[in-house]
Structure formats: structure tokens, C-alpha cells
Amino acid sequence: MKKITFLVLLFCFPVLLLAQHQNKISGKHQQRQNRAESGYGGIVGHVETAAGAERLGDVIIKIEGTETSLKSNPRGHYKFAGLAPDTYSLIFIKPGYYSLVMPEVQVYADKMTHLNVQMYPGDTNEFLFLEIGGIRVTADRALLSQEPETVHRITSGEIEHMQANSLGDVLQMIPGNEITSNFGLQRKQSVQLRTFDNARDDQAALFGTKIIVDDVPLSNNANLQSGVGVGYGSYVQTTSGRQYDLREVVAENLQRVEVVSGASSVEYGDHSQGLVKVKTRTSNVPTRFKVKNNPDSREANLMGSLRYGRTELVYNINYGYSERDIRISGDEYHRIAGSVKSLNTFRDGRIDFTQQFRYNRKIEEDSDDSDPYGTKAYNRDHHFVYAHQMDYNFNPVAHLYMRNYLDFRRRNSWYRRLQTPQVEVWTDRMQPGTREGIIVQDASYFSEVKTIGYEWSFGSKLKYQRNILWGDILNRFLIGGEFQGDDNTGPGKSFDLLKPPGGQLNTRPRSFNDTPGLFQLALFAENRMTGVWLLPYTIEYGFRLDSYNPQSFNPANLLDDKDIFDAQNGTFFNPRLGFKIKLTDHTQVRGTFSKASKTPALSYMYPEDFFLDVFDYTMRTTQAADGSDSTYRVPLVSTYQYNRSDFSLDGYQSTKYELALEQQIGDVGISLIGYHQNTDGIPRDENIPYSYNIYFWPDWPQSTNRIVEESVTTTDHKYSRYVNLGWTESSGLEVRLHTHRIKPLNMRFVINAAFKFKKYGSDNYNNYTNVRRFSEGDTLSGGWVVPEDMQVVPYYSPYQHWNQKTVVNYVVDYVHKSLGLWFTLRAQQVLWDRDLDIMEADRSAKGYFYNSRNYAISPATSTAMGLDRSLDPLDTSVDKSRPNDKWLFSIVVSKSLFKGADISLFVENILNDQAYYLDRRGFWRSRNPDIFWGIAFSSKLNELF
């Protein structure tokens, strides 16, 4: 109860404080202003840089068509008052930045319209964007990177132009990502940042990618939908222990997406692979309706903003629908999403206070009546997010930022399938013990698994940032801390014990209330130095201290070279260093070094227990009516429970290096980026061999005098435990050539080429295989004489694998302002797509498991015992069967219909080239998705009606 009270106060205090401040302002000043300007309104807001890092003062702001203009103050704040109710266009001008036009800013009587804008570095003589209907075409960005790290930015206009349905579709634009599926909502989506996505690869790499929406992380740490259930033989899949399903993030509501695949600011933690920062639309959003249609998905979206008193409300309502196969009924996906964001500014722009509420409803079905097993499944989840942020600007060079959020998900999944029982005797024991077996009469039955969980994620962040000028060196200091909690409660997984899923007995229902939560505490500090010493430079350095489930704080540990936080799942020191040096006005070199860590998922730490049901027996005698005795066998089922949890499982850490050389030649920019990344301690599930006895119980139900009928040693892939043994090693080279828009042609050209190579495997891992049985006295072909009856489980060195691929993207982008036309041609080429299943495999067994312990053996003994493994030559040789002629051509056209309205059309794989090839195992494969098209229409409602 105390924790709940604390959370309520934590979230409500800023709201109450600002509401009180607002009432004071209203009571003392608003009445005088309304009396003085009755019938008139105004526009108020602030101007900041594109990344939101600092406010911009001395920005000239004009009202188009009038003589009215002003400058933003040193805090970036501006205010127009005494404006007649009407629609205005504002022009923002500042040397060194693109000029910015904000059209159709609505002013109402007796109200102030809030308009916050961001400006991008660039040519002041060019405007940041122009509009094709309601789609904003952003001007060319700088040809040289502004930061030491590599950041990919995608604007709202690019997102609308490509007709993305979700964040997953948007991230296909990131260099190095191969397009293997069409846009839509038919399957769960993830993003691969400098890695690969296949069944053999390390899923923790995808899990280590962090998604942040409006500074609120989309955490999947508490997802416990693992084991038999959803994702087991159905199209409805789980994301437990994997990356968050990106279908839930509505593309239409996105204002900007930033992808950091290398080093990120120390402000952001709990990730090892990369960072995706998403900002949704804010301030002065015109009321706009949009519909999309393609062969897979349909979507409708309504967005806009309105004023209520001193508060601006920005809203978005979305419905998306997908059908995997139009010939099948019952395989649909529905997404119902809504968000509302309130924005307030107080004390002449010193305080910005934002609140937001998001809701997402996911309904995913699989109920194909033609399936012979009667497989049916669904995911029917609810997702609620509340967050507030407060940015307090003390002065033009210092501000304090606070963020709190509460994220709640109700997971509701169900799975049913026709089963043929593998045994004819069941038990309904939930704990270890023995009971008489329950005879199953049915030859088949339907098993049903229901999973309901309540996932809670909550967190707070507090940071202080200040710019200090030391001589000619500008320092931007950042210091702060962050707390995050993840927990899962609820009924959990349930099913009928006499109708077990899979037709076998090795799992039981489990309650999620028994699973502890996961808490993170982080401290961070960073400084960015900008100055000139022989050459202009920028240097960033800082650190982040991440502690997972901290138990105590002990500063004295530093004297003993120990962690300052004693944590259940590890404390990680994550430093960061970056630099950018301008060798000439058009040449620069930049590089970064960083470490980042990721907490283990609850599904890694607390997987469901493994239950072993052993079929013992006893004999029972009864007397017949004629007085004769009848003896018969009574089956007994002995249940053993094996706990697979490891509450002390550590997080894992990655180390990243990146070096880039960039050159601008006229209107052409060229970037050459090399990177290397190591990640160690990744949780991997290790199979555990075990032994058990089959007993005859002569004195049942007494366990005395039990007689061992048979001893069994075996392995089961369901009996495993996560250990910190996995590793990955990634390297790559990225080349980017891009141009400004060539004015005579109105065209922009982009070529992105990304070569990536990855090795992965495990250290000190015993790769157990199937049991081998030997009889006493047998002489094997290797000359070894078996000393006794034995059941051994041999184990080997773990496999190592590698993948490589080069993905080249070509883009020609054409804009014609007078025609209101935006045309984009894209082509993708994949080269040198190779992989090796097994690297340098050791054929000899390292040892074997026998009598509840491991015995190490030499290669000679392995050969003598006949334990050497045979490997398929196709698995130990490089797969070069995929040809280098994979091409994918796509076009996208957006056309203005009338003021504020537009229509878009795209065609993917316009040549319908499936890129078929015969793989080395004799199967025909397709490397390209089918030809695919889509159309979208949008309009501002005030222009439509």
C-alpha cells in the first residue's frame, strides 16, 4: 500500500503543482488580458533545434502578408498578441538554419494558440519544407553529420509518402535492412540494426534494441508468454524474450524517428544493439483524415489539435486491419489505437509541461476451419500508457527535465489444438509426489491453454543540462538519474491437467503472481565540448552506471575495486567517448567508443518449471465372487519438479567502436563508416541431462521397500536453464553517397551500401546430445570394452556460426512544386549473401554425463567409445547458393489534388521478380516478396467540407 501511495503522489504532484500555478495565472492576469483584448487572440511558443537539445534565441518570426514580426528571446520564447481570429502563416528565419514556414496556424477569439517549432541547420535561403497536399517534403539535410555518432533521421513527410502502416515498416528505410516482406500488419515486426534476423541467430540481439516513444520506453522485459501456448504451431506469435512488436506503433502519428545504431548518449540505457527514438506529433496539428488500402491491410487515421483554455490538445485515432490470406476466414489482425497529448507553457516559456495518454488494442486471430488439427489461437491485448514531462528553463543555458510514466498491458492469449496423447495414463498433481494414474479413454482431445498477465512498467527520469563557456570552449554538461521497474502479475497460464498441451506431461499451469519484478537504477553524466584547437572539434565523454535489481549501496566498495551497487543481476559501468574533427570546411572525421548493457528478461530469469512424470506401478489383488484371487497391475505416476529459475542471472554488455570519414564535394556528400561490436554474457538456454528411476511399489501407498525396476538417463530440450554464455561479434562497412536536390532537375540522389558480418556462439557451453546406451562386456569397434551397463549423454564443444551480406539501396527522389508532385524510385540490391552453419567444429566429444556428473575425456577416448559425431558437409561449408542478382524495384508517387488534400500510390517489386533460386539442399527459394501495391488518400477536413 505504501508503494502504491508513493506512485500516486509521484505522478500527481507535478500535475497539481502546475494546475495551482495555472489557476493563479488565470486569476491574476488572464482576466485583465481578456478585458484588454476582448475578441482577439494570439500565438505563443518556443523555437528549438531539431534534436531538441537547446532553445534558439534571436529567431526572426514574421506573420506572412503583414508587417508584423518579432524575435524570440534568449530562451527561444515568442508571443504574438492582439491578433484577429483568422488563419495565419508564420515564417521563422535564423542564419545557419533552414527557413521555416508554418502554414494555417488558427487563432481563436480570446485564446492563445501554442506553436512550438524546431529548426534544422542549413541554407537560410531555402525553406525547410514544402507541402504536397497535406504531406510535408522536408528540405535536404546537411551533407556532413552534425554529431560524432551515426544517426539516421526519418521525417513525418517521408513516413507518409512511403505509406507505412507501423514503425516496423518505417525502419525498413534504415541502411543495411533487406526488404523480405511487404508493408502491412500481417505478422509481428522487429528491426535489425547491424545484425541479422533468422531462426538460428541470437534473439537477444533483437531484444537488445530499445524503442522509445516520446521518451517512454516500450519495454518487453516483463513478458512471460513463453512455453507451450501462443506461438506454438499457430500464426499468432509471442514476443517473450524478444523485441517489442513494432506493429503497435502507428506510423501516421510519427513526427520524427531517429535511429542510433552505434554509440548513443549515456542518457539512454537498457539496450545493447541499438536505439530507436520516436517523437509523435505535437502542437498545431491540422485536423486531417487519411485512409490507406493495400492487398494485405486497410487503415484509417484521424489526427488534429484543439485548444481548451490554456491547454493545447493533440489527438490521433487509428484503426488498422490485416488479413493474411483472403481465401481464409479467421486469420485477421486488428489494431485500435488512440492517443491524446496536452501541452502547456507557463512563466513566459520557462516551463513546458506535457501529458500524454496512449491506448492500443490488439486483436490477432488464427481460426482456420480447414486446419485438420483444429488449431485456433488469439492475442487480445490492451495497452495503456500515461506519462508526463516537465522542462524547466532556468535561463537560456540551463534547464531541468523530469519524466514519469506508467505503462500497463493486459495480455490475453488463448491456444487450442487437437492432440493425440502419447501416454494413456495422466496425473493431476501440481507438486512433487505420487498418485494412482488416471486412465485416459479418449484417443484424442482438444487441449486449450489460456494465458492472462498484467505487465507493469513504470519509471522516472531527472536530468539537468547546462551550457558553460570556458574561454573559447563551449561545454554542454548533462547529469541525471533514472529508475525503471518491470513486473508481471495475474492468473498466468492455465489449462486442464487431464488435457495437457502437446499430448505430454512436462508442464503445469503457473501463476505470474509468483514471479518477482525487475528494477533498474541508473546514474549518468556527460559533457560535449565544442571548440577550436588547430582544427574545429567536438568531443563527447561520459558514463552511465546501470544496476539491475540493486540490493544495497556501498561507496566503500570502490576502494576494493567492487561495484558501488550490490545488485542481484549485475552492475555495469558503461563509458562513452566520441569525437568529430573538421579537417577542412568540407572534410571531417569522427569516431565513437561506448559500452552499453541490457537487463535479462523475466522470461530468462523465471522460465516455467519442468515437470517429469514417471510411470511406476504396483500390484493389487482382489477376490472374485467364486473366491479366487485376481492380481493386476496398477499404474502409478510419480511427479518430479525441476526449478529452472535463476534469480541471479546477469545482464549482458556490448562494446562498440565506430570510425567515419566524410567528404562534401559541391552538392554531393560521401560517408565511409566502419564499425565493430562485441557482446558478451548473452543469456542462452543450456540443456540439462538428468537421471531418474522407475519403481515397483510393493507396499503402496507406503514408499518403503520401493524396488528399482529401471534407471534412466536422458535429456529433454524442455529442461534447460538460461546461462550467461552467449556472445556475438559484428563488423561492417557502410558507404553513403547523397546529394542536395539538384535544382535544374529537382532531383535528389542517394546510394547506401552496407556490408555486415556477424559471428555468434557460446563459451564454456556443454552441447549435450541424445543418450547412448552400452551393455556390460560389449567390445566396440574402437576397441573399448564396456565395463558395465551404462547410459551416457555425450557433450561437445558448442557450434559457432557466421553470416554476411551486403545490401545496396539506390534512391532517386523528384519533387515538382508547381505540379504538387513527389516521385521516388527505389532499388535494392543484395550481394555476397553467405553463411556458415558450423565453424571449425570439433567432432570429438568433450565428455559425457553419467551417474549425475560429467566426465571429461580425451579425443582418443571419444573415438574408442564411438562418441565422435558426424557432421553434414553442407553444414560445415560456406553456403554460396544464393546468387548475386537479387534486385527489388519500387516506386512511390504522391500528388496534390487540391489544397490540403493528396493521394499516394506505391508499387513494391514492380517487375514482379521473385528471384527464385535452387539452394544447395535442392529446394526452390524466393528472395523477393510478391508484387505489392497500395493507395492512400488524405485531406484536411476544413478543406474537404
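Predicted model: local features only at pLDDT ≥ 70, side-chain atom pairs only at ≥ 80, totals over all residues.
How many aromatic pairs does the count come to by the rule that rings of Phe, Tyr and Trp (its six-membered ring) pair if their centres lie within 6.5 Å?

Residues are numbered from 1 along each chain as its sequence is written, and side-chain values use heavy atoms, with hydrogens and water left out.

A pair of aromatic rings is described by the distance of the centres and the angle of the planes; planes under 30 degrees apart count as stacked, over 60 as edge-to-face, and the rest as tilted. F207 and Y604 make an edge-to-face pair, at 5.8 Å centre to centre and with 65° between the planes. Because F207 sits in helix α4 (residues 203–207) and Y604 in helix α5 (residues 602–605), this pair ties together parts that are 397 residues apart in sequence; helices here are DSSP runs of H or I with at least four residues, strands are runs of E with at least two, and both are numbered from the N terminus. F207 has 3% relative accessibility and therefore counts as buried, and Y604, at 6%, counts as buried too, where buried means under 20% relative accessible area, exposed over 50%, and partly exposed in between (1.4 Å probe, protein chains only).

The second pair, F458 with F483, is tilted, with 6.2 Å centre to centre and 40° between the planes. This pair links distant parts of the chain, with F458 in strand β26 (residues 445–470) and F483 in strand β27 (residues 473–494), 25 residues apart. F458, at 14% relative accessibility, counts as buried, whereas F483, at 31%, counts as partly exposed. There is also an aromatic cluster, formed by F357, Y359, F384, F408, Y454 and W456.

Now to the salt bridges, each defined as a side-chain nitrogen of Lys or Arg within 4 Å of a carboxyl oxygen of Asp or Glu, for which the count comes to 55. R247 and D245 meet through their side chains in one of these, at 2.8 Å from N to O, and both residues are buried. In another, the side chains of D381 and K362 meet at 3.5 Å, N to O, linking strand β21 (residues 376–395), which holds D381, to strand β20 (residues 351–366), which holds K362, 19 residues apart. D381 and K362 are again both buried.

Where do R620 and E436, which form a salt bridge with their closest N and O atoms 2.6 Å apart, lie in the chain? R620 lies in strand β34 (residues 610–623) and E436 in strand β24 (residues 433–436), so the pair ties together parts that are 184 residues apart in sequence. R620 counts as partly exposed at 28% relative accessibility, and E436 counts as partly exposed at 28% as well. Elsewhere, salt bridges that share partners join E160, E252, R281, R288, K290, K292, E299, R335 and D902 into one network.
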